[in-house]
Amino acid sequence: MVNGHPWIFGNELGDSEGNAEPGDIVEVYSYNGSFVGKGYINPASQIRIRLLTRNKNEAIDDQFFHKRILEAWEYRKHIGYVENCRLIFGEADQLPALIIDKFNDYFVIQTLALGIEKWKGAIVAALEKIFSPKGIYERNDVPVRTLEGMPQIKGFLSEPFDTNIVLNENGLRFHVDIENGQKTGYFLDQQDNRRAIQHIVNGGDVLEAFCYTGTFSLHAAKYGAKSVLGLDISEQAVATARRNAVLNGYEDICKFQAVNAFDVLKLWVTEGKRYDTVILDPPAFTKSRENIQKALTGYKEINLRGMKLIKPGGFLVTASCTNLVTPEMFLDVIDAAAKDAKRILRQVEWRTQASDHPIIRSIPSTQYLKFLIVQVM
């Protein structure tokens, strides 16, 4: 809290004055009476208060949210994220528990805490004023809202529109299902990392496990892969991946299968199948600290199998998207997998999420994505 983190837990609070309803804005003072900040409170949440400002004279009103969203947009424009970007990344944009993704002229919102939910009208009004969007949709069908005593909902926050849209990324086009896709419909955080594979896939046979809608697979095809096979357990995701291949004219190069990647990779290792590049971008294996060890076991197993499928001198592209697994933990797991696979790794790239998902040094949870490219020798 004092070091810049906006969360205040219930066990950090002492005395209180007056009565506050859940979601109300409250002022926080230290034990010696100095002002700490203003934020919204929820007694039902473990995170009792989330701070919005440390300026005592700054009013929390509709204009406050307009100003914050405008500042976030100016930052994105400054660093070159204009067409598609994460416009608001919660705490990193000083709007805790708020996510806004911009897909060209369409916006998807998640309000993940009661205090920010109360300002949803002001947030929508700010988006309308700044962007004049074609549509705004809320994807609040997320379990974390139940921890705040809120229902899971999704629907239009603007006039209804066709929620199946097409976006452009790195010279490719992708179908996005705003209403039913994972999270907000598309993973923007890997948009820079997808460019990073361009030199290692050229002329090779590429395997992508956990391919979702085929974004890495299509980039591999664009960058000159001889063949690409994408695997995902979701029939719906695979169907969209195939549509994306057709949309970009790579249906002859990119093939997709709806299978359990864990099982198939294990089988293919024993069958002696080999690839020039293996790409692993699995979903988060844990959402709670209690299951971190289980998640690490999962990451090790999938990377071990991936390495065994790579021809000597080929490349492994591997990622982890949970902030509960630190960069050090992830690298240790990769090293342990390499040791078991009896392979030597040569690091090519070590990256994190795209910078429209900013990292605040004093808020470790804002850095969540680990992305590694290694040559497997």
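What follows is a short talk through the fold, the rings, the cysteines and a few single residues.

Tutor: Start with the ground rules. This is a predicted model, where local features need pLDDT of at least 70, side-chain atom pairs count only at pLDDT 80 or more, and totals for chains, interfaces and linings use all residues. Residues are numbered from 1 along each chain as its sequence is written, and side-chain values use heavy atoms, with hydrogens and water left out.

Student: How many helices and strands does the protein chain have?

Tutor: Helices (H or I, at least four residues) and strands (E, at least two) are DSSP runs, numbered from the N terminus. Here the protein chain has 9 helices and 18 strands.

Student: What share of the residues is buried?

Tutor: Buried means under 20% relative accessible area, exposed means over 50%, and partly exposed lies in between (1.4 Å probe, protein chains only). In this chain, buried residues make up 54% of the 377.

Student: What do contacts say about the chain?

Tutor: A contact means heavy atoms within 4.5 Å. Take contacts between residues at least 6 apart in sequence: 61% of them join residues at least 24 apart.

Student: How do I read a pair of aromatic rings?

Tutor: A pair of aromatic rings is described by the distance of the centres and the angle of the planes. Rings of Phe, Tyr and Trp (its six-membered ring) pair if their centres lie within 6.5 Å; planes under 30 degrees apart count as stacked, over 60 as edge-to-face and the rest as tilted. The whole structure holds 17 aromatic pairs. In one of them, the ring centres of Phe-89 and Tyr-368 are 6.0 Å apart and the planes stand at 55°, so the pair is tilted.

Student: Why does the pair of Phe-89 and Tyr-368 tie parts together?

Tutor: Phe-89 lies in strand S5 (residues 84-89), and Tyr-368 in the loop between strand S17 (345-351) and strand S18 (370-376), so the pair ties together parts that are 279 residues apart in sequence. Both Phe-89 and Tyr-368 are buried.

Now try another pair. Phe-210 and Phe-262 are edge-to-face, at 6.0 Å centre to centre and 75° between the planes. Phe-210 sits in the loop between strand S12 (205-209) and helix H5 (215-222), while Phe-262 sits in helix H7 (residues 261-271), 52 residues apart.

Student: Are Phe-210 and Phe-262 buried or partly exposed?

Tutor: Phe-210 has 14% relative accessibility, so it counts as buried. Phe-262 has 24%, so it counts as partly exposed. Ring pairs also link Phe-210 and Phe-262 with Phe-285, Tyr-299 and Phe-330 into a cluster.

Student: Which residues lie over the face of a ring?

Tutor: A charge sits over a ring if NZ of Lys or CZ of Arg is within 6 Å of the ring centre and within 35 degrees of the ring normal. Arg-194 lies over the face of Phe-216, 5.7 Å from the ring centre.

Student: How many residues of H5 are buried?

Tutor: H5 is mostly covered, with 7 of its 8 residues buried. Just after H5, Gly-224 takes a positive phi of about 100°.

Student: How many disulfides are there?

Tutor: A disulfide is a covalent bond between the sulfur atoms of two cysteines. The cut-off is a pair of cysteine sulfur atoms within 2.5 Å. A search of the whole structure finds 0 disulfides. For Cys-211, the nearest cysteine sulfur is that of Cys-254, 9.6 Å away. That is too far for a bond. Cys-211 counts as buried at 2% relative accessibility, and Cys-254 at 3%.

Student: What is the phi of Asn-104?

Tutor: Phi of Asn-104 is near 55°, a positive value in a residue other than glycine. Asn-104 lies in the loop between strand S6 (98-103) and strand S7 (106-111).
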